[in-house]
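Trainee: Could you show me how to read the contact between two chains in a model?

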Number of protein chains: 2
Amino acid sequence: MPLYMDIHRKVDGATAEAVADAHMKDLEVQSRYGVNYKKYWIEESSGTIFCLVEAPNKEAAERVHRIAHGLTADEIFEVTENS
Amino acid sequence: MPLYMDIHRKVDGATAEAVADAHMKDLEVQSRYGVNYKKYWIEESSGTIFCLVEAPNKEAAERVHRIAHGLTADEIFEVTENS
């Protein structure tokens, strides 16, 4: 399944707790759309959030964010992961 | 140790092979600076690369990229990881 990295910028109130709550909402909704939000990274000071997500396509990943909590990303990239 | 996510944009020739080669150079250099480049994600079509790195500070993470291959990031964020 394709893998995506999205970026949310200047999110108001992007505390660890608030983002964890939004992420839980993604997890509740995602299976309906074949989506798997795997990990996320937060820089609280700038309100920046990166989400790593498996999804059938970009639109499905975005749809989950929109339905779950309404905070859609500013950018989304289809990526391959390496280490 | 602090964790950082960096973004490189519009990298010319950002094929999986070329980026793997650059990453190997990071790994060869990093221990001198107490840095650990953990993972990276590539979108070849746009030349976008995300690197996840543990480092004592941003400057040390950047220094490794600069010395190893000269491709420094456009942005770097200090992040917490969650899943």
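Mentor: What follows is a reading of the interface of chain A and chain B.

Mentor: This is a predicted model, in which local features need pLDDT of at least 70 and side-chain atom pairs count only at pLDDT 80 or more, whereas totals for chains, interfaces and linings use all residues. Residues are numbered from 1 along each chain as its sequence is written, chains are lettered from A in the order in which they are written, and side-chain values use heavy atoms, with hydrogens and water left out.

Trainee: How many residues does each chain give to the contact?

Mentor: With contact taken as heavy atoms within 4.5 Å, chain A and chain B give 24 residues each.

Trainee: What area do chain A and chain B bury between them?

Mentor: The size of an interface is often given as the accessible area lost when the parts come together. Here that buried area (1.4 Å probe, summed over both parts) is about 2,100 Å², with 56% of it on carbon and sulfur atoms.

Trainee: How many salt bridges does the rule find across the interface?

Mentor: Requiring a side-chain nitrogen of Lys or Arg within 4 Å of a carboxyl oxygen of Asp or Glu, the rule finds four; one of them joins A:Arg9 to B:Glu75, at 2.8 Å from N to O.

Trainee: Which elements of chain A give two or more residues to the side that touches chain B?

Mentor: Those are β1 (3-8), β2 (36-43), β3 (48-54) and β4 (75-82) of chain A, where strands are DSSP runs of E of at least two residues, numbered from the N terminus. The largest share, seven residues, comes from β4(A).

Conventions. Buried area is the accessible area (1.4 Å probe) that two parts lose on being put together, summed over both. Helices (H or I, at least four residues) and strands (E, at least two) are DSSP runs, numbered from the N terminus.
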